[in-house]
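Hi,

Here is the structure I promised to pass on.

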Amino acid sequence: MRRRNDDSQQTRNAILDAADIGFCERGYAATTLEMISRAAGVTRGAFYWHFRDKAELLAALHARSLLP
């Protein structure tokens with residue numbers, strides 16, 4: 001069970017990292033979920049497992065940037 005949790009966290013972090021890069025390079029509106037998923041190396045289904053939509057992803061990025 002521990003391995004599955006680690007894999008899930010790695011997938012979530014990969015999505016966040018890909019979104020961070022995409023938003024910085026192209027902007028929020030021009031970066032699609034397909035672009036983010038492809039850059040993270042995951043399916044869109046995996047994206048939706050971790051985030052409800054792009055707005056929730058942006059909120060997670062914001063929260064991650066506030067952590068020490």
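**What I found**

Let's begin with Ile-36: beyond its neighbours within four places in sequence, Ile-36 is in contact (heavy atoms within 4.5 Å) with Ile-15, Ala-18, Ala-19, Phe-23, Thr-31 and Leu-57.

Before going on, some housekeeping. This is a predicted model, where local features need pLDDT of at least 70 and side-chain atom pairs count only at pLDDT 80 or more, while totals for chains, interfaces and linings use all residues. Residues are numbered from 1 along each chain as its sequence is written, and side-chain values use heavy atoms, with hydrogens and water left out.

Ile-36 turns up again in the largest nonpolar core, which has 14 residues; Ile-15, Ile-36, Phe-51 and Leu-57 have the most contacts inside it. (A nonpolar core is a set of buried Ala, Val, Leu, Ile, Met, Phe, Trp, Tyr and Cys residues joined through side-chain atoms within 4.5 Å; buried means under 20% relative accessible area and exposed over 50%, with partly exposed in between, using a 1.4 Å probe and protein chains only.) Helices H1 (2–26), H2 (33–40) and H4 (54–66) each give two or more residues to this core; helices are DSSP runs of H or I, at least four residues, numbered from the N terminus. H1 provides the largest share, 5 residues.

Leaving out residues up to four places away in sequence, Ser-37 touches Val-42, Thr-43, Arg-44 and Phe-47. Ala-39 is also in H2, but Ala-39 is exposed, at 60%. Its C-alpha atom is 8.5 Å from that of Ala-14, 25 residues apart along the chain.

Cheers
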